[in-house]
Amino acid sequence: MTAVDGTTVQVDEVEKLAVDGLRWLVAAARETADGGLAWPTAPSQERTDPTLYSGTAGIVSVLLEAWRHLGDDSYADLALRAGRGLAAAVDGHDDDSLYFGRSGMALVLHTLHDELGDAACGTAADHAMTLVRSHFDGERWGELFELMGGNGGNGLAALAVGDPEFAVLAVEPYLRAAEKTPWGVTWPHRPGTEARLHHMSHGTLGIAYALVRIGHATGRADLVDLGLAGVADVVARDEGGPDGFLVPHSTPQFRPDLIEPVSYGWCHGPAGDAHLFRLLRDTQGDPAWAALADRCWHTVVHSGIPQRLRPGFWDNNGRCCGTAGVLALAGDRIAEGAGGQEAYDFARVLVADLAARAVRDTDGARWSNVEHRATPSDLEPGTGWAQGGAGIVRELLRFVRLSRGGDPGYAFTWPDQPQVSAQATDPIRRTGSEVTS
């Protein structure tokens, strides 16, 4: 691992770490029969994974990021070969969702068409979304009924590929399935579960995000209002006020033997909740939403992360449930001028921690997460966006650009992370800054 305790890591060194991460990712690719590329979730696995969450589609996002950031067309060529692999996987995949299935694959193929002009990727994206639509029974696609694996994510994908009519159809079932609470509404994330999850990945806020974004884009005030009712339910459960914002994972606790009651990342914590409040800030015109985003940030900064304070507290480096996901929010706050120097200082802490935990050798750089309940506890380094190197490298590259005063956006915009507000002012920029532990 790269030691940073008592030392500093320069921004140029962070970029080199990201490039080493890219080198390891590229080496992990498998060539398909037609000359395309596909990735397994981890190098030891025989089967490849086409999904946004843990496979090829998510890795395309960082290849596009590297192409834009480094100006190296070889990464665009790799992305196109990955697109060929994705197109070949569309018909054989058995899930239609954003993060685990076809609609996420379609979104990436659509992006390859738009960004690199590849007509075959565009055709494959249309075919994938046609299959997604054909599998919709009018209420849902399968067991999951939320953002990552259900209607909310499919609606966001449809909106992103330019099909607002289908986006509305995907989320209208939430109007019929909403359960009233004393404070608003909520939804079961799957049938037969007593627990109601509250956050972005599988909970109420993820559904609310899809309702608000799609409702705002299509002029459907009823969808926006339903989303706001879902937000009201979650806000009423806050235990971190008045300065912070912290809502339990679920009520009653879902799988308490395995899942922590509170978390701080994108998936089930304030780092993800803040993106919903940023969306509401930009669409609803009420400064109270920006204040809630600020409160989420306050809680994250004062939570103790990225320190590993006890087994199970903060074992993940990745974008979904770990340090890279918090870095994504820090980058948004830097770009929007929110929080001033504190946002940049905390981003440096996060980057230094990722640098310290990287495994680097002649093969490149990768990151191992921890499962404290298993022996050995260090997991095999993964390739994908959620738990692997792709999601980490993407955020490291963006941090470098922010430090140099470059473009704060991404080459591929994740549909559940709002773009930096056009009203952002006075972003913090530090050319050649040191990243300190």
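Residues are numbered from 1 along each chain as its sequence is written, and side-chain values use heavy atoms, with hydrogens and water left out. Because the model is predicted, local features need pLDDT of at least 70 and side-chain atom pairs count only at pLDDT 80 or more, whereas totals for chains, interfaces and linings use all residues.

Asn154 lies in helix α6 (helices being DSSP runs of H or I with at least four residues, numbered from the N terminus) and is buried, with a relative accessible area of 1%, the cut-off for buried being under 20% with a 1.4 Å probe and protein chains only. Eight of the ten residues of α6 (residues 151-160) are buried, so this helix is largely enclosed by the rest of the structure. The buried residues, among them Gly152, Leu156 and Ala158, pack against α4 (102-116), α5 (119-134), α7 (164-171), α8 (173-177) and α9.

Helix α9 (residues 204-218) in turn packs with helix α10 (residues 221-235) at an angle of about 155°, their axes lying 8 Å apart, where axes are lines fitted to C-alpha atoms over the stretch in contact and angles run from 0 to 180 degrees between N-to-C directions. That makes α9 roughly antiparallel to α10, a term for angles over 145 degrees. Residues making the contact include Leu205, Ala208 and Leu211 of α9 and Leu223, Leu226 and Val234 of α10.

Key:
Helices (H or I, at least four residues) and strands (E, at least two) are DSSP runs, numbered from the N terminus. Angles under 35 degrees count as roughly parallel, over 145 as roughly antiparallel, 65 to 115 as roughly perpendicular and the rest as oblique. Contact means heavy atoms within 4.5 Å. Buried means under 20% relative accessible area, exposed over 50%, partly exposed in between (1.4 Å probe, protein chains only).
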